[in-house]
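The following paragraphs lead through a structure chain by chain, from overall organisation to individual residues. Please keep the sequence and the coordinates at hand while reading.

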Amino acid sequence: MENQPAIAIHGLTKSYGKVRALRGIDLEVQQGEIFGFLGPNGAGKTTTIRCALDLIRPDGGSIRVLGINPQADPVAVKARTGYLPGELQLDDNLTGEAQLRFLNELRGRKADWTYVRELAERLDLDLKRPIRNLSKGNKIKVGVIQALMHRPELLMLDEPTFGLDPLMQQEVLRLLVEAKRNGATVFFSSHILSEVQAVAERVGIIRRGKIVEVAGVQTLIHRSMRRVRIQFRHDVDPAPLLQVPGVALLKRDDGRAVTLQVEGEMDGLLKAVAAFPVVDFETERPSLEEIFLAYYEDERNSHKTEE
Amino acid sequence: MWATFRHELAHMRGRILGWGLGLGLLGAYFSSVFSSFEAQMAQLRQAMEYFPQELFAFFGLDIASLTPYRFLDVKFFSLMPAILGVFAVGAGTAMLARDEEKGLLDLILAHPVSRKALFFGKALAALVAMVLIVALMWAGLVVGMDRASLQVTPTQMIGPMVSVLAAVVLWWSLGLLLSMLLPSRRMASSAVAFLIVASFFVKGMAELDPDLKGIAKLSPFTYYQGGQAAFGLNVGWIVGLVLPAAAFVLLAWWRFERRDIRVAGEGGWGVALPARMRPARRRPAEARHAV
């Protein structure tokens, strides 16, 4: 039980009529990790999460959440999971506290109310106010609290910081890191790639209902192409540098500076550069955002090809 | 299940008081007015002979055997399944479809509550609400009536309440079932409202045209005793109304257990039409966001 993945999804398919939302998702999230789930709108992130919670029924494939099949025993899965829907809706007739108390009733009063108050304080939320008077950001805070209040083993959060101000975004991310530190697994989707890069250990990228990449954030960044900018003391011909395998010219500012793209190891380029009088040498790795956009560009190109 | 039951009942308390007190006041008014008719019954019969007799036949009213209580039956009880039907249809179609269309069901069902517990917790709350409304209506009728004039006791008045309740539960269960089968709550409400009105008229018209007696057997109003239940409840008719209601509830539960919980953007909220009949489609912003 200890070593089994928190979430194991294999060959998951789901269609809405003729629209194939998931085309065979394979994904494993290990226990105790923070996993970022990335994808453009309509890629299938929400559908995957909702299948894992038995809110919708998959057409094929298998899902295990904390070792349990959610279609066979959804209550057991939900008892150990905290979920924040992407399209969070709350009962406008209740106050924040009444809403949380009702949801706590559904959980068999498992929440620690001191912790609820602590969360509300940290998120600067007045629980006595009616939900109908809360801003979108404050409603999301209620949603975050209900997901965390019973200290679940697994958090499944669909865009947890969407609609929050930057300070609160940081606070929510801190809460996720704290939850992980306390042994929870965090699985969250986000559009804000900088926050995924900041807290996630691994990411999965979903595109048109298929997982196209699962890797550690740092691995993904290190595996990708680097940009190298070299400033020379005097005009040089960069041709010998471009002979190095994996090196391509991106830009030549003038005779004294070039920007190169390097794929793979740097050794060959460094040896080639040693023959030149170098003033400055800068390398830059792409951000997660750039890597994601590269996948997204691929998708747009494949769309164009299909058309 | 009990958490859902308590929450749902608390949620319905405004409607219970509004409908219950409203119908209770109406009952008190009608029973006191018709209690005072006894002294004028002969003149009333005489006056009614000048009206088209089809008007009374529609309600199954025989002028010769007219009593103040029969007036109450026709004017109050005969319309009650249709009047309370408005509440029943609203409650039935709203039970799950309202929360689903609002997006609340997504959050509730992400908690450790089974679909069965949620369904039956809400269904029980709706049934209790209907019983409470009918009980308030009974209290109003009893408060306003003159027993000697109407010649019924408060205990006897429980019979018509059971009859009303059985009819209302049938409409509620049909609304619930259709809300699980049709794409939207509004569509389910419209369908049941149409059926209520059609059933009412079929039953009434069958009193005028014997050829319609066959089709009138399909109308739940045929098995609704109304005020006549005060003088002996037709248990067979009550069972005839409650059994289909139970079947509709079980079918709705069966459907709810197996279907996807929809949010905006997932699945369709419209009727499936052949491709050539579909209007040009633009995906809404929330749909693009949700998947």
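The model shown here is a predicted one. Chain A is divided into domain 1, covering residues 7-216, and domain 2, covering residues 225-284. The C-alpha centres of domain 1 of chain A and domain 2 of chain A are separated by 45 Å.

Just after helix 1 of chain A comes Asp54(A), which takes a positive phi of about 60 degrees. Most residues other than glycine have a negative phi.

Arg109(A) is found in the loop between helix 3 (96-106) and helix 4 (113-122) of chain A, whereas Arg208(A) belongs to the loop between strand 8 (202-207) and strand 9 (210-216) of chain A. Are these residues buried or exposed? Arg109(A) counts as exposed because it has 11 C-beta neighbours inside 10 Å, and a residue with 12 or fewer falls in that class. Arg208(A) has 17 other C-beta atoms within 10 Å and is therefore partly exposed.

The loop between helix 3 and helix 4 of chain A also holds Asp112(A). With 13 C-beta neighbours inside 10 Å, Asp112(A) counts as partly exposed. Asp112(A) and Arg122(A) stand ten residues apart in sequence, and their C-alpha atoms are 15 Å apart in space.

Further along chain A there is an open sheet of four strands, arranged in the order 11-12-10-13 with antiparallel pairing. Its edge strands are strand 11 (247-254) and strand 13 (278-284) of chain A, each of which pairs on one side only. On average, neighbouring strands of this sheet are turned by 20 degrees against each other, direction ignored. Strands of a sheet pair through backbone hydrogen bonds, either parallel or antiparallel. Strand 10 (residues 226-232) of chain A runs antiparallel to strand 13 of chain A, and six bridges join the two. Within this pairing, Gln231(A) has Asp280(A) in strand 13 of chain A as its bridge partner.

Attention now turns to chain B. How many helices and strands make up its secondary structure? Chain B has 14 helices and zero strands. The C-alpha trace of chain B spans about 70 × 45 × 30 Å along its principal axes. Chain B has 291 residues, of which 41% count as buried. Among contacts in chain B between residues at least 6 apart in sequence, 78% join residues at least 24 apart.

Two helix pairs of chain B illustrate the packing. Helix 10 (residues 158-181) and helix 11 (residues 185-208) of chain B pack at an angle of about 145 degrees, their axes lying 8 Å apart. The crossing of helix 10 and helix 11 of chain B is right-handed. On the side of helix 10 of chain B, the contact is made by Trp171(B), Leu174(B), Gly175(B), Leu178(B) and Ser179(B). Helix 11 of chain B contributes Arg185(B), Ala188(B), Ser189(B), Ala191(B), Val192(B), Leu195(B) and Ile196(B). By class, the residues of this contact are eight nonpolar, three polar and one charged.

In the second pair, the axes of helix 8 (residues 115-144) and helix 13 (residues 235-258) of chain B come within 10 Å and cross at roughly 145 degrees. The crossing of helix 8 and helix 13 of chain B is right-handed. Arg115(B), Lys116(B), Phe119(B) and Ala123(B) of helix 8 of chain B meet Val249(B), Trp253(B), Phe256(B) and Glu257(B) of helix 13 of chain B. This contact divides into five nonpolar, no polar and three charged residues.

Technical notes: Residues numbered from 1 in each chain as written. Chains lettered and ligands numbered in written order. Predicted model: local features only at pLDDT ≥ 70, side-chain atom pairs only at ≥ 80, totals over all residues. Axes fitted to C-alpha atoms, helices over the stretch in contact; angles between N-to-C directions. Left-handed = near helix turned anticlockwise from the far one by under 90°. Contact = placed C-beta atoms within 7 Å. Nonpolar A, V, L, I, M, F, W, Y, C, P; charged D, E, K, R; others polar. Domains from an automatic or database assignment. Buried ≥ 20, exposed ≤ 12 C-beta atoms within 10 Å, placed from the backbone. Pairing = 2+ DSSP bridges.
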